[in-house]
Every structure is written in C-alpha cells, then in structure tokens.
Amino acid sequence: MAASIPCSSLNKINKEERDHESIKKVERSYQRYREIISTLPKGKGWIADELCLYEGFWYPATLGLAGVMFAQEHFQARPDDVLLISTPKSGTTWLKAIIFAIMKRTCYTNSTHPLLTTNPHDCVPFFEFQLFLKPPVADVDNLPSPRIFATHIPYTSLPKSIMDSGCKIVYVCRDPKDVLISMWYFLAKMRSKEFPPVSLEEGVELFSRGISGRGPFWDHVQGYLKASLECPERFFFITYEEMKRETFVKVKRLAEFLGQRFSMEEERERVVEEIIELCSFDKLRNLEVNKNSSCVIDLKNDSFFRKGEVGDWRNHLTPQMVERLDQITNEKLPGIF
C-alpha cells in the first residue's frame, strides 16, 4: 500500500502548481501585449526606442507600455490607495518624497526615515517602470494599506478598478517649457550611443506636435484638470510652480486631502517644516543614495536631480520656441501656468 502524502506536503505541492500556472499566465499576458504593441502606429522617439500611439497617447515601445496594459487588466485598487500621477519631468520625484513623508510620518524618526537611505522612486514605485515592467511582476496585493503608487498613465487610460475604487489621486503638472527642457536633458542620458542626439529645435517640434513620452502633454493635463473640477474630493490637482511658491501651505492642504491633517501639536512641533526640509531638492540631491545608486530603469539616481528650478527654460529656448509653446498652452490650458 502506498504511503500517504501529508496534508502539509499536498498544500505545498498545490501552491507550487498554482504559482507555476500564475507565472505562465502572466507571461502569456505579456506576450499578448507585445503583439498588440507591434501593431500600433509608430512615431519618432527622442532616443533609440521609437514611440507607439496607444489610446491617444505616445509611449516608448519597449519601456513601460506593457506595464500600463498589465495594470489596466490586472491591478485591483483599494479605496485607501493613494496615487501620484503626472506627465514625465513634472516634479514627480519631489512629490513622491512629500507624499511618502506625509503618509508615513508617525512610522519613523528623523534619523531612521527611509528617505535618507532610499530613493523616492523606491518608496513610491511606478506601475509601468517598476512593478509591472515585465515578468515576474510585483505582488502588490499583499502590500499593507495604505498603499502609495505612482504612474504617468493618462486619465482616459486609468485601470477601471482605480476609477471604481474611490481612491485618492494627486496630480502634479508643470510649465510645459520647463517640462520640455528637463525631458531633453533627461533623455539625453538614456540615449543609445548609436542613436544621433535630438537637437533642441527638433525636441520643440516633436513636443509641440504631442510626440513625446505620455504626450500630447496638454491633453494629459486636461484630462486630470477636468476630473479635479468634477470630483475635487478624489483628485488633488496642483502645479509644480504652486508647490515651489507656497510649499508650507500646499503641504498642509495635501495632507488634509489625503486624510492626514496635521494636528495642532504637530504644527507646534514644526512637523510640517521638518517634512519640507527632509524632502527639499537640495537635501535629497546630496544624499549618498541619490548620488551613486540606481533604481528606475537602471538610471543612476542623480539623473532625477538636475536643477528643479522654475523658469530654467529661459536659459535654453528662443523667443520663437517660447511663442509656439505658449500659444498651445494658452489655447488648451488657459490660466494654469
């Protein structure tokens, strides 16, 4: 008579089989995403990777689009999730640090805070670049609440579960002229040596036509601006310029929106000021982890800390470039910047 298999061993075997099938299912999904991406309209990329037009917006063909598709199909949002959303190069790194510091302020002391040793992109990971870039995907379902995520996904492409969940969404945008300059420098660091550099003139041309990562820029911003006007209890819309100009006031408002209002005692103990100092551009840029380590898409962390200044575009753009960009902005986003 054959020896019986203990229940614990059976459970282990069943779990391994389920895990194996789950991995195969994910891999099949990504194969399907790659097939879809191969059929999409293509445009000139700013680096070697060409851009694909998906649901009205441009994405790098091999960097993040499959992760967007996976999030759309599989991500299950919770009501207490917090999402930071932006177009690329709009102050995302800074806002990640601020939101994380607000949400986790009772968990750490000033000397043990993760932001001192961990890049903000690892504290608040991107769906498409970190969690779901490719198999194996992160197991976000087992993360404790409240979970904090980031993404560059346009409003019209957000996963249905996010729209249905009631979770909080913070959207930060920035003067498109500064976005363009920041993107131009940032992508130059990612460019393949075999690919000729994109001149600033060509960058302005592509950006103005909407051909840039998650572009058209103005359509991306419009989607979240409209949502914030229709549903302000769910969408916190702010510009990078406002955050820089009134940091203390905006950090307090952001905390209130997130359900993390600062108490009178915290204000007396200058907790708001401590968070602002911890998350300041100069503080973050000079930390060892943000000088030499890497996190997102194998880029050195110092790539995310160039200047962080408002109005740096004045040092780069010609009057003709400025006029063209401002004309589009005034037509599509009057009074925002």
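Two residues are in contact when they have heavy atoms within 4.5 Å, and helices (H or I, at least four residues) and strands (E, at least two) are DSSP runs numbered from the N terminus. The structure described here is a predicted model, in which local features need pLDDT of at least 70 and side-chain atom pairs count only at pLDDT 80 or more, while totals for chains, interfaces and linings use all residues. Residues are numbered from 1 along each chain as its sequence is written, and side-chain values use heavy atoms, with hydrogens and water left out.

- In helix α13 (residues 271-278), the buried residues (buried means under 20% relative accessible area, with a 1.4 Å probe and protein chains only) are Val 271, Val 272, Ile 275 and Leu 278.
- Seen down the axis of α13, these residues fall within an arc of 130° (taken from the directions from the helix axis to the C-beta atoms), so they line one face of the helix.
- That buried set packs against α3 (92-103), α11 (247-257), α12 (264-268) and α14 (281-285).
- Helix α11 has Thr 247, Lys 250, Val 251, Leu 254, Ala 255 and Phe 257 as buried residues.
- Because they cover an arc of only 160° around the axis, they sit on the same side of α11.
- Among the elements that cover the buried residues of α11 are β6 (168-173), β7 (235-239) and α13.
- Just after α11, Gly 259 takes a positive phi of about 75°.

**A buried residue in a strand**

- Leu 83 lies in strand β4 (residues 82-86) and is buried, with a relative accessible area of 0%.
- Leaving aside neighbours within four places in sequence, the contacts of Leu 83 include Phe 127, Phe 149, Ile 162 and Cys 167.
- Leu 83 and Val 26 are 57 residues apart in sequence and 24 Å apart in space, C-alpha to C-alpha.

How values were computed
Buried means under 20% relative accessible area, exposed over 50%, partly exposed in between (1.4 Å probe, protein chains only).
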